[in-house]
Amino acid sequence: MKTIKVSVVTPDGPVYESDVEMVSTKAQSGELGILPGHIPMVAPLQIGAVRLKNGGKTDFVAVSGGFLEVRPEQVTILAQSAEQADEIDVERAVRAKQRAEERLNEQKRENIDFRRAELALRRAINRIEVSERKF
């Protein structure tokens, strides 16, 4: 089967590079499935999982937003942060989730940035789900 080159890159450097048969991810406009020869496009990404299928194997990468650029023979994901499923520190993600939940529950304080806490919670949940492959 034909493959497409995929690169997942963050400001800290490359996170994933490989040839795959299909890329699946969530863009702001909805779920995307990219196969070799796809029309060129650029799409903003949601916090979520990128599924990279090759043969009978699927790799998972947790991304925290960013952009997806598709060309007929290459997909580039420019993410604010990204981690492969097997590299996620689950204990750290659970602690981040607890901190974000505590911030959201602290309604007495007026200086809490609820949007920021909500995004932190979504990122932590995404990392936990990707590490457990539950989505």
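Trainee: How many helices and strands are there in the protein chain?
Mentor: This is a predicted model, where local features need pLDDT of at least 70, side-chain atom pairs count only at pLDDT 80 or more, and totals for chains, interfaces and linings use all residues. Residues are numbered from 1 along each chain as its sequence is written, and side-chain values use heavy atoms, with hydrogens and water left out. Helices (H or I, at least four residues) and strands (E, at least two) are DSSP runs numbered from the N terminus. On that basis, the protein chain has 2 helices and 8 strands.

Trainee: In what order do the elements run from the N terminus on?
Mentor: Start at the N terminus and read along the protein chain.

Trainee: Into which domains is the protein chain divided, and how far apart are their C-alpha centres?
Mentor: The bounds come from an automatic or database domain assignment. That gives domain 1 (4-84) and domain 2 (90-132). Their C-alpha centres are separated by 24 Å.

Trainee: How many residues of domain 1 are in contact with domain 2?
Mentor: Contact means heavy atoms within 4.5 Å. On the domain 2 side, 6 residues take part. On the domain 1 side, the number is 9.

Trainee: Is glutamine 84 buried or exposed?
Mentor: Glutamine 84 sits in strand 8 (residues 82-84). Buried means under 20% relative accessible area, exposed over 50%, and partly exposed in between (1.4 Å probe, protein chains only). Because its relative accessibility is 19%, glutamine 84 counts as buried.

Trainee: Which residue has its backbone oxygen 2.7 Å from a polar atom of the side chain of glutamine 84?
Mentor: Leave out residues up to four places away in sequence, and glutamine 84 touches Val15, Tyr16, Phe60 and Val61. The backbone oxygen 2.7 Å from a polar atom of the glutamine 84 side chain belongs to valine 15.

Trainee: What about asparagine 54: which backbone oxygen does its side chain reach at 3.0 Å?
Mentor: Asparagine 54 is in strand 5 (residues 41-54) and, at 33% relative accessibility, counts as partly exposed. Beyond its neighbours within four places in sequence, its contacts are Thr3, Asp19, Val20 and Glu21. The backbone oxygen that its side chain reaches at 3.0 Å is that of aspartate 19.

Trainee: How far apart in space are asparagine 54 and leucine 121?
Mentor: Along the sequence, asparagine 54 and leucine 121 are 67 residues apart. In space, C-alpha to C-alpha, the separation is 31 Å.

Trainee: What is the distance in space between alanine 27 and proline 44?
Mentor: Alanine 27 belongs to strand 3 (residues 22-27), and its 1% relative accessibility is why it counts as buried. Not counting residues up to four places away in sequence, alanine 27 touches Leu32, Ala43, Pro44, Leu45 and Gln46. Alanine 27 and proline 44 are 17 residues apart in sequence, and their C-alpha to C-alpha distance is 5.7 Å.

Trainee: What is the relative accessible area of valine 130?
Mentor: Look for valine 130 in helix 2 (residues 114-132). Valine 130 is buried, and its relative accessible area is 0%.

Trainee: What share of the residues of the protein chain count as buried?
Mentor: The protein chain has 135 residues in total. The share that count as buried is 39%.

Definitions and conventions:
Polar contact = N/O pair within 3.5 Å; in protein donor to acceptor, adjacent residues only side chain to side chain.
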